[in-house]
Amino acid sequence: MDFLKELNEIQLEAVKQIEGPVMIMAGPGSGKTRVLTYRIAYMMECGIDPFRILALTFTNKAAAEMRHRIQEIIGLEAKNLWMGTFHSIFARILRYDGDKLGYPSNFTIYDVQDAKSLLKQIIKEEGLNDKLYKPNTVYFRISSAKNSLLSPAAYQADTNLVSDDESSGRPKIGYLYEKYAKRCFQAGAMDFDDLLLKMYELLDKHPEVLYKYQNKFQFLMVDEFQDTNYAQYEIIKKLAAIHENIGVVGDDAQSIYAFRGATIENILSFQKEYPDTKVLKLEQNYRSTEHIVNAANEIIQNNKSQLAKTIWTDKGEGEKIQVFKCMTDSDEGRAVADNIHEQKLRYHYKNNDIAILYRTNAQSRSFEESLRKHNIPYKVYGGMSFYQRKEIKDIIGYFRLTVNHADEEALRRVINYPTRGIGKTTVEKAMVIANQQEKTLWQVLANIGMYNFNSRQKTLINQFVIMVKSFATMLETQNAYDVAFHIGKSTGLLRELHGDKSIEGLARFENIQELLNGIKEFSERDVVEEEGEETQDQDRSLGAYLQDISLLTNQDDDDNENDSVKLMTVHAAKGLEFACVYVVGMEDQLFPSMMSMNSREDLEEERRLFYVAVTRAKEKLTLAFALSRYRFGQLQYCEPSRFLKEIDQNRLEVKGNVTKPRSEILGGGLKRKSGGLLKKKPDYEHHISEDFTADDPQNVQVGMEVEHNRFGVGKVQSLEGVGQNKIATVHFDAAGQKKIMLKFAKLMILRNNNMDD
DNA sequence: ATAAGTCATTTTTTT
DNA sequence: AATGACTTAT
């Protein structure tokens, strides 16, 4: 076992201690992934059947990477490991044994959007005040309940929860939970939290199933243990009960998912649950230089709740941490892009070595713009993922409905898109009937003749039902791609998108093409297996494809072949490392987020987040903040983040690259489906400088906010005044003449001749 | 029934 | 900046 030579003493111990309960506390950069990988490889070298090893990771990508590395050491056998995220592994098990809870094997997985849309529907049906009962709030309450393994009945019996709801004026949340759970069940659907809750119920109520998996999984391993919630922990405990060979790996200082129910309590209760737990601490950091490591320690020590641990490095002092002080967010973008450019020239970094990390996805824009100007390739992770785009969700809605007719959210989404004359009122009416008779919406539509609808509606609905049924028939004989393509064509979806010749319409059409290509690849993927060995996923049906994609995460689509600067949230950066890291938007209210400054716990989680951000850097760390920033269209003044003050100031090198304020320009027109249709969002080049003179005002086209939420495009007629206070008279086609103060108007010059820049 | 216009609300991170 | 609810025109 040559591969073990690369490990230090503690790492080796962690690898070899495969029996009994083990807890590995692994600081950032301590070689955690290597230990996990080698530990599994070691097990297999010891002759343990990979089918009997269950390794739960945080992202699919982490699992795939580990599997790949183990495969390099051990060989193809690694394919048979049970390795994946909690959600994907449990989904697989539930597909197998979920029938015992009354779920079909092709159950749909509702994403957050589906779940909230269903809740909204229920709130409406119940006639509750939607100002009080917001889908977000209700969803959060239900999600927390599920993560605590509380059924609707248990929720309503819990005096604490009930009195919480009553005092917040929302006494019906428990009832809504009950309704929601029922509707999901009827629709043959589980939301993300159900994958945990139902897994627990399955093990809890069906001893034979529990016994089967307890025996099957002889060795259990959990990565990112600090980010597991109560439900996950309880499931692990159940599964490990017979063999008690359970290894957990984590770092309490990197726990950043409390908002999702993760609790560090699990780390403490683990040692209580298994008193003979072997605890190993990996404290040497192999990643970063001293300034970075020490800064991280200085930051985290401000947290009261933490386990004592100090990471250290022998990589040498390294460079000081740069701090960029900027005026506005676009200055920040420019400063970072300039610096990236300079660093690349001077130190020969590749784009792949560089990452820009921020607190919220919305912050990416100014960096995208400045990087584009520098011609630096970049990739934005997260935000709206591919599968959440409207056009993708639309076509997938058809797939879902085809595979599972009961899927109410999918049905409601596609029933009148493309428009086929089945409007809102008709659907509402059918919904009322469905609810009264405790049937699914589909059952009502499929038997529409039994109900009181006018003949036009009956015909249209019948046509729709017949169409979907024909898709379902195809499923049995055709592969995923053929069915998908047929659906796209015969629903008119492809035609609809193809007809839209705007820039965005084209992009949408391309997205659909990309999706179809993905499905094609999926349906042809390893159909032939080596040695006839039974693999875990042979199913190449459309249903299998849906299961495959429903649990993909933002981090999973990796794009390493392209050399590009990576832009992502700090959350998404967990587990990654870069030579050169820019943590941007370091302002109070943003990082720490204004939403997370209500309690000490909140603030400490934000601090751990900052800790995670800082420790991603190997050699160079830059922190940037802007003194003014737009929020809801208003310029706001910002204080530098309180976290900056927690670092020893001798480590910092402040570069106060503050420029004078410029007139701030916002890009973009509006695009809307309903309400002020402006589908096209042109690519504006928006430089408006103080010396804007417009020698020939007639030819300067100007876009400005004409009225609230409406942009107009017009030509400048005349220009008076000097400096920032110029007044332009602009002729708009629609709005006639208007005078605008350049200083205040959100104004942009359109360059029509090179819009495709 | 649908498309388009008006008005109000909004506030993070993600499996 | 971008949604959703509501209104109005076709």
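## A chat about chain A

Tutor: Let us begin at the start of helix α22, where a side-chain oxygen of Asn479 reaches to within 3.0 Å of the backbone nitrogen of Tyr481. Please keep in mind throughout that this is a predicted model.

Student: Okay, and which residues of α22 are buried?

Tutor: In α22, which runs over residues 480-490, the buried ones are Ala480, Tyr481, Val483, Ala484, Ile487 and Gly488. They lie on the same side of the helix, because the arc they cover around the axis is only 165 degrees.

Student: What follows α22?

Tutor: After α22 comes Gly492, and its phi is positive, near 85 degrees. Helix α15 is likewise followed by a residue with a positive phi, in that case His348, with a value near 55 degrees.

Student: Since you mention α15, what should its span be, going by 1.5 Å a residue?

Tutor: Helix α15 has 19 residues, 329-347, and at 1.5 Å a residue they should span 27 Å; the C-alpha atoms at its ends are 26 Å apart, which agrees. Several residues of α15 are buried, among them Asp329, Gly333, Val336 and Ile340.

Student: Switching topic: is Lys393 buried or exposed?

Tutor: Lys393, which is found in helix α17 (residues 390-403), counts as buried because its relative accessibility is 5%, and the cut-off for buried is under 20%.

Student: So what do the side chains of Lys393 and Asp111 do?

Tutor: They are joined by a polar contact of 2.8 Å, and the side chain of Lys393 also has a polar contact of 3.2 Å with that of Asp114. Leaving aside neighbours within four places in sequence, the residues in contact with Lys393 include Gln113, Tyr387 and Arg413 as well as Asp111 and Asp114.

Student: How many salt bridges does the structure hold?

Tutor: The structure holds 42 of them. One of these is between the side chains of Asp227 and Lys574, with an N to O distance of 2.0 Å. That pair links distant parts of the chain, 347 residues apart, with Asp227 in the loop between β6 and α12 and Lys574 in the loop between α26 and β13. Both Asp227 and Lys574 are buried.

Student: Where does Arg642 lie, and where is Asp588?

Tutor: Arg642 and Asp588 form a salt bridge, with their closest N and O atoms 2.9 Å apart. Arg642 is in the loop between β15 and β16, while Asp588 is in the loop between β13 and α27, so the pair ties together parts that are 54 residues apart in sequence. Asp588 is buried, with a relative accessible area of 14%, whereas Arg642 counts as partly exposed at 31% relative accessibility.

Student: And how far apart are Glu605 and Arg608 in helix α27?

Tutor: Being three residues apart in α27, Glu605 and Arg608 are separated by about one helical turn. They form a salt bridge in which the closest N and O atoms are 3.4 Å apart. Glu605 is buried, with a relative accessible area of 10%, and Arg608 counts as buried at 7% relative accessibility. Elsewhere, salt bridges that share partners join Lys32, Asp223, Glu224, Asp227 and Lys574 into one network.

Student: Last one, zooming out: how many helices and strands does chain A have?

Tutor: The secondary structure of chain A comes to 27 helices and 21 strands. Of its 757 residues, 53% count as buried, and chain A exposes about 34,800 Å², with carbon and sulfur atoms supplying 49% of that area.

Terms used: Residues are numbered from 1 along each chain as its sequence is written. Chains are lettered from A and ligands numbered from 1 in the order in which they are written. This is a predicted model: local features need pLDDT of at least 70, side-chain atom pairs count only at pLDDT 80 or more; totals for chains, interfaces and linings use all residues. Side-chain values use heavy atoms; hydrogens and water are left out. Helices (H or I, at least four residues) and strands (E, at least two) are DSSP runs, numbered from the N terminus. Buried means under 20% relative accessible area, exposed over 50%, partly exposed in between (1.4 Å probe, protein chains only). Accessible areas come from the Shrake-Rupley method with a 1.4 Å probe; for residues, only the protein chains shown count as cover. The arc is that of the directions from the helix axis to the C-beta atoms. A polar contact is a pair of N or O atoms within 3.5 Å; within protein, one must be able to donate a hydrogen and the other to accept it, and residues adjacent in sequence count only if both atoms are side-chain atoms. Contact means heavy atoms within 4.5 Å. The expected span of a helix is 1.5 Å times one less than its number of residues. A salt bridge is a side-chain nitrogen of Lys or Arg within 4 Å of a carboxyl oxygen of Asp or Glu.
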